[in-house]
Amino acid sequence: MFKLFILFLVLIAGIIIGPLVAGHQGYVLIQTDDYDIETSVTGLVICFLGLQAALILLGWCWRRLRTSGSRTLGWFGGHKRNRARTLTNEALLKLAEGDFRQVEKLLSRSADNAEQPLVNYLLAAEAAQQRNDNIRANQYLERAAELAGNHQLPVDITRARILLTRNEIPAARTAIDNLLDIAPRHPEVLRLAEQVYARSGAWKSLIAMLPAMKKSGEFTDEQVEQTETRAWLGMMQQVADQDGSDALRHWWKNLSRHLRHNPDLAVAAAQHFIAGDDMSDAQAVILDGLKRQKDDRLLILLPRIRTENPKAIRKILNQLQKDDSKQPLLNSTLGQLAMQEGRWEDAEQYFKSALNTRRDTHDAAWLADVLDKQKKYEESAMIRRNALLDTLTLPDESQPGA
């Protein structure tokens with residue numbers, strides 16, 4: 001615009017001054033080896049102005065052409081981005097439907113032009129893994145790692161999750177160990193670590209991770225407690241399998257009181273001691289647990305204990321019976337212990353009390369045996385007949401509405 005204004009001023013000046021110098025235009029000679037160019041000063045000025053106008057026109061055309069090219073490229077780029085956005089949205093819908101083949105296809109096609117290509121490749125890798133296509137999953141992970149640059153955390157988490165899905169536990173554990181060094185409180189890292197350590201039997205590592213689970217704020221107290229119990233149960237099994245009953249006894253005694261008072265751990269410890277024929281430790285664990293609270297799982301284990309001093313057991317059970325004399329499992333347990341000691345009349349009363357509260361074929365069979373010991377054959381036969389009828393008339397739990 002400024003140059004056009006200058007040209008306008010020059011034209012005005014020419015109109016005004018031109019007539020004044022019409023008779024005095026001067027003479028210009030441009031001589032080269034082959035040509036001689038003769039013109040007036042006015043002609044030279046006009047040529048110069050024409051050349052300036054031509055240059056301005058060429059500049060304007062170039063700018064218009066360049067702007068049109070940018071707009072054309074922008075249109076094509078915008079079209080590709082819109083297409084990628086549409087394909088990504090379709091892939092998310094297919095993901096909700098569980099059509100992983102289409103998810104992988106749509107995400108991989110739209111990845112390079114998507115707004116978040118890294119996300120597309122990571123989701124495509126997981127979709128390929130859902131189809132058990134390990135080769136494509138690895139290819140997508142490699143491409144995602146290239147795009148991630150220095151931000152490899154989402155790629156590493158996805159890789160660990162895929163390794164866990166493949167059941168490649170050693171590789172998954174290595175990946176998780178590295179992730180815990182980088183992001184020790186990341187919720188997904190902690191969830192994956194819990195699964196990997198449990199499946200690999202790395203109970204010590206799982207126990208060491210519990211404080212991080214509490215501090216992360218992503219796990220409820222109940223979830224942390226369940227994980228802790230699971231870890232200690234796994235470690236108990238590991239000690240029993242690898243080192244035997246003596247090592248288990250030493251390990252159990254060195255546990256904190258809080259853990260020894262855990263009902264799940266107490267039941268598991270008693271079962272291990274009974275399996276290892278360590279009846280004294282099994283009895284100590286069971287009685288200690290029953291003193292704190294009645295646990296049916298501990299009551300069920302009592303008849304399996306062989307002891308030369310059953311008075312301690314009877315004392316605890318009698319105390320529990322005072323609190324509630326109609327507990328069928330408690331009466332059944334007392335009846336079984338009385339059978340072991342040959343106290344047939346006491347056993348008869350306990351089993352009858354248990355059967356008055358619930359119908360149980362085992363209690364009926366034991367009661368019949370006790371009656372036989374007392375030569376009450378008619379009553380014994382009636383008990384067996386009634387138990388058989390009860391068995392035949394019990395509803396089939398496998399049928400609907402049972």
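How far apart are the end C-alpha atoms of helix α4 (residues 117-130)? Keep that in mind for View 1. This is a predicted model, where local features need pLDDT of at least 70 and side-chain atom pairs count only at pLDDT 80 or more, while totals for chains, interfaces and linings use all residues. Residues are numbered from 1 along each chain as its sequence is written, and side-chain values use heavy atoms, with hydrogens and water left out.

**View 1. Helix α4 from end to end.** Helices here are DSSP runs (H or I, at least four residues), and strands are too (E, at least two), numbered from the N terminus. The end C-alpha atoms of α4 are 20 Å apart, which agrees with the 20 Å its 14 residues should span at 1.5 Å a residue (that is 1.5 Å times one less than the number of residues). Buried residues in α4 include Leu 118, Leu 122 and Ala 125; buried means under 20% relative accessible area, exposed over 50%, and partly exposed in between (1.4 Å probe, protein chains only). Just after α4, Asn 132 has a positive phi of about 65°.

**View 2. Two tyrosines, Tyr 121 and Tyr 140, pair up.** Rings of Phe, Tyr and Trp (its six-membered ring) pair if their centres lie within 6.5 Å; planes under 30 degrees apart are stacked, over 60 edge-to-face, and the rest tilted. The count is three aromatic pairs. In this one, the centres are 6.4 Å apart with 35° between the planes, so the pair is tilted. Tyr 121 sits in α4 and Tyr 140 in α5 (residues 134-148), 19 residues apart. Both tyrosines are buried.

**View 3. Trp 232 meets Trp 251.** Their ring centres are 6.1 Å apart and the planes sit at 45°, so this pair is tilted. Trp 232 and Trp 251 are both buried.
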